Amino acid sequence: MPQLHTLGFPRIGVRRELKHALERYWAGTANREELDATGRELRARHWAVQAEAGVTLVPVGDFAWYDHVLEWTCTLGAVPARFEQPADQPGELDTLFRMARGRAPTGAPAAACEMTKWFDTNYHYLVPEIWPGQTFRIARNSLFDQVAEARELGVNAKPVIPGPLTWLWLAKGDAYDGADDIAKLDLLPNLLPVYEAVLKRLAEQGVEWVQIDDPILVLDLPQAWRDAFASVYATLKAAPVKLLLATYFGALGDNLDTALSLPVAGLHIDLVRAPEQLAPVVAALRADQVLSAGIIDGRNIWRTDLDAARDRLAPVAEALGSRLWLAPSCSLLHVPVDLAAEQQLDDELRSWLSFAHQKLEELALLGQALNHAPGHAGTPSQQPSQQPSLAATHAAWAAQRAACQTRRTSPRIHNRALQARLTDALAIDRARAPFKDRIASQQAWLKLPAFPTTTIGSFPQTKDIRGLRRDWKEGAIGDAVYEAAIRKEIAGSIAFQERIGLDVLVHGEAERNDMVEYFGELLAGFAFTQNGWVQSYGSRCVKPPVIFGDVSRPAAMTVGWTTYAQSLTDKPVKGMLTGPVTILQWSFVRDDQPRQQTCEQLALALRDEVLDLEQAGIRVIQIDEPAFREGLPLRRSQWAHYLHWAVDCFRLSTAGVGDTTQIHTHMCYSEFNDIIEAIAAMDADVITIETSRSNMELLKAFEDFSYPNDIGPGVYDIHSPNVPEVDWMVQLMEKAAKRLPRERLWVNPDCGLKTRGWPETEAALAKMVDAARFLRSAA
Ligand code: GLN
Ligand code: ZN
């Protein structure tokens with residue numbers, strides 16, 4: 001039977017035990033022993049689950065207190081001086097927490113390390129900091145301790161560590177210019193001896209296999225980086241362990257020859273994202289090498305079509321015999337822990353889903369099937385006794401096959417009427433009149449002053465508001481009470497905005513807990529889990545909705561709240577929607593049709609909402625697309641295709657309105673220089689962006705492109721409770737006006753204010769309005 005393994009398991013725990021333990025420890029309500037106990041318990045539980053499912057090489061080192069990259073950074077001793085404290089023990093856990101969060105129960109606070117997205121996932125890692133001449137040493141023993149812990153429990157441990165080149169690629173430093181700066185490679189002579197020492201120590205602990213993660217092999221690599229792989233692995237080859245080189249999230253592509261030429265004992269490839277690489281890899285594999293086939297989707301929550309997987313792998317199993325291993329495509333970190341924790345999903349929907357626990361079962365089923373594949377050794381009667389009975393295996397296989405079949409045909413998924421509409425939608429004109437004509441007709445009724453002021457949508461989500469929504473969801477209060485309470489919030493925020501003199505108002509988003517769930521709950525084709533948590537960073541988890549079927553909008557979603565807000569004021573109220581790409585990016589998306597098609601369905605549903613808002617008299621409408629950039633594929637060659645359909649979907653949502661209706665969009669945490677053409681092609685009348693922390697530097701892309709439409713560069717950081725000074729905001733706007741025509745500029749914060757309190761929000765917005773007034777008077 002093929003060896004089964006996983007690249008990593010979710011560490012957070014099915015009840016988010018790690019989150020709760022961490023937060024207690026940080027708050028000082030639990031001590032270090034209690035935190036350690038939770039970590040030990042989670043590791044033991046997760047190792048046991050995997051071993052029981054038949055996983056023979058169990059990952060160790062995938063556990064992390066905050067982030068696995070940060071764990072490794074600390075192991076390498078790459079701790080910037082600002083985090084070192086005289087009282088710290090070597091490898092002190094609080095040092096790690098200070099790097100992650102800027103503070104910890106012990107030691108002085110310091111500016112936290114930067115955090116950014118892990119490849120194209122919604123997981124965030126802590127960016128390692130590097131500098132020329134940096135030295136490394138084994139500074140933290142947690143990996144070795146955990147290997148010992150696993151071995152004591154009888155677990156066959158396969159340590160998992162980031163490869164030296166991937167770690168350097170992910171690192172940042174003032175002396176380096178971007179991820180791919182070849183100057184980073186100068187650190188290898190200092191870094192590699194530590195890797196060798198780590199591998200040697202692991203071997204001494206009895207470890208046979210070590211998994212080295214080098215996902216940068218699926219990126220566009222400069223030749224110098226590609227070349228560095230050969231020398232790095234030539235060095236690591238001397239270590240007394242077998243190395244499994246793990247690649248995931250895409251195709252090796254032009255790095256295929258590099259990966260295949262390395263002196264490693266095994267290679268893991270992602271066959272979900274890049275099925276086409278199976279044949280060339282099998283053909284080129286050396287006779288002493290193992291192929292780990294990443295065949296179960298580690299990035300999504302659908303049951304695998306096991307028949308198809310078996311058919312694809314059977315010839316490989318025959319050719320490679322025990323040199324074929326089976327695995328999920330990547331670490332299971334990116335899927336929820338266990339479907340068994342869901343009580344509210346109906347049986348059919350549930351039969352389509354697979355979380356980390358279920359993926360282990362799928363792996364085991366596939367392993368057994370390949371064992372019995374024609375031409376392969378072993379007949380059903382020779383099945384080892386510790387494996388599930390053949391009848392149980394057959395039943396599980398049949399159930400999985402039936403689930404895949406109903407998913408292909410279920411009317412809950414496939415909506416004929418909608419599909420016809422989608423075909424018609426191809427003919428819909430996505431173009432609006434030229435911007436200069438539109439803006440003139442908008443200005444004719446809006447009559448906004450120069451430097452108009454607005455906000456991005458949300459106002460503080462107070463305890464009361466959150467409690468209100470919870471009570472309503474749990475049925476503790478009825479619809480009428482709930483609606484009256486939300487209306488009261490809206491009325492309060494409209495009155496506040498009028499009082500301080502904002503120009504374009506918002507209703508404040510009190511009815512939403514986040515940007516996607518509210519819409520998902522009102523759209524057909526979406527499902528929600530109770531416990532489908534996935535780690536986003538540290539103790540923070542998200543519960544992405546599941547888009548399982550064709551998406552449509554049974555009824556208006558925001559018209560009631562928005563028209564109510566508009567009824568309270570003569571100023572324009574801006575309707576507020578989340579864009580199709582962002583809804584797509586922050587959900588688990590069906591895999592039975594291209595993402596583009598699902599996005600078009602979302603776009604059509606939003607188009608209906610936009611037109612209903614317009615019909616109801618809402619003539620300024622914002623469609624947020626903060627995740628627009630996140631959707632970019634890992635390979636440059638695929639960017640144009642993505643940008644084309646993403647822009648097209650935005651335009652499908654928006655282009656139905658008349659010239660006098662003003663379309664806004666908003667994007668945060670984004671760079672624009674390499675996507676500015678697409679941003680311009682979205683053709684929003686106004687785009688508001690996060691710029692204050694970059695000191696308006698992000699506007700350079702718009703300047704260089706001569707971006708033609710209106711733009712609101714954020715003038716203050718909403719992540720901080722600090723109230724910005726009027727002068728400061730005026731200065732920022734003056735900087736903006738050096739780059740872009742004054743008459744195109746709006747004044748607004750960087751992003752929504754939902755995480756802020758009211759006192760600082762009131763103070764900050766009042767000052768922002770003062771800044772705009774000053775700018776007008778100076779003009
Ligand atoms: N309208 C949303 C808000 O104000 C936008 C949030 C975002 O861009 N992340 O909260
Ligand atoms: Zn934002």
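Modeller: We start with the whole chain and then turn to one residue. Keep in mind that this is a predicted model.

Colleague: How many helices and strands does the secondary structure of the chain come to?

Modeller: The chain has 27 helices and 20 strands. Its radius of gyration is 27 Å, close to the 28 Å that the globule rule gives for 779 residues, so the chain is as compact as a globular protein of that length. Along the principal axes, the C-alpha trace spans about 80 × 65 × 50 Å.

Colleague: What share of the 779 residues is buried?

Modeller: Buried residues account for 60% of them. The chain exposes about 29,600 Å², and 53% of that area comes from carbon and sulfur atoms.

Colleague: How do I read the contacts along the sequence?

Modeller: Take the contacts between residues at least 6 apart in sequence; 77% of these join residues at least 24 apart.

Colleague: How many positive and negative side chains does the chain have?

Modeller: There are 79 positive and 98 negative side chains, and the centres of the two sets lie 1 Å apart.

Colleague: Now the single residue. Is E71 buried or exposed?

Modeller: E71, in helix 3 (residues 68-75), has a relative accessible area of 7%. Buried means under 20%, so E71 counts as buried.

Colleague: Which side chain does the side chain of E71 join in a polar contact?

Modeller: That of R140, at 3.2 Å. Leaving aside residues up to four places away in sequence, E71 touches F63, A64, W65, Y66, L96, R140 and S142.

Technical notes. Residues numbered from 1 in each chain as written. Chains lettered and ligands numbered in written order. Predicted model: local features only at pLDDT ≥ 70, side-chain atom pairs only at ≥ 80, totals over all residues. Heavy atoms only, no water. Helix = DSSP H or I, 4+ residues; strand = E, 2+ residues; numbered from the N terminus. Rg over C-alpha atoms; globule rule 2.2 N^0.38 Å. Buried < 20%, exposed > 50% of the residue type's maximum accessible area, 1.4 Å probe, protein only. Contact = heavy atoms within 4.5 Å. Areas by Shrake-Rupley, 256 points an atom, 1.4 Å probe, with all protein chains shown as cover. Lys, Arg positive; Asp, Glu negative; His and termini not counted. Charge placed at Lys NZ, Arg CZ, Asp CG, Glu CD. Polar contact = N/O pair within 3.5 Å; in protein donor to acceptor, adjacent residues only side chain to side chain.
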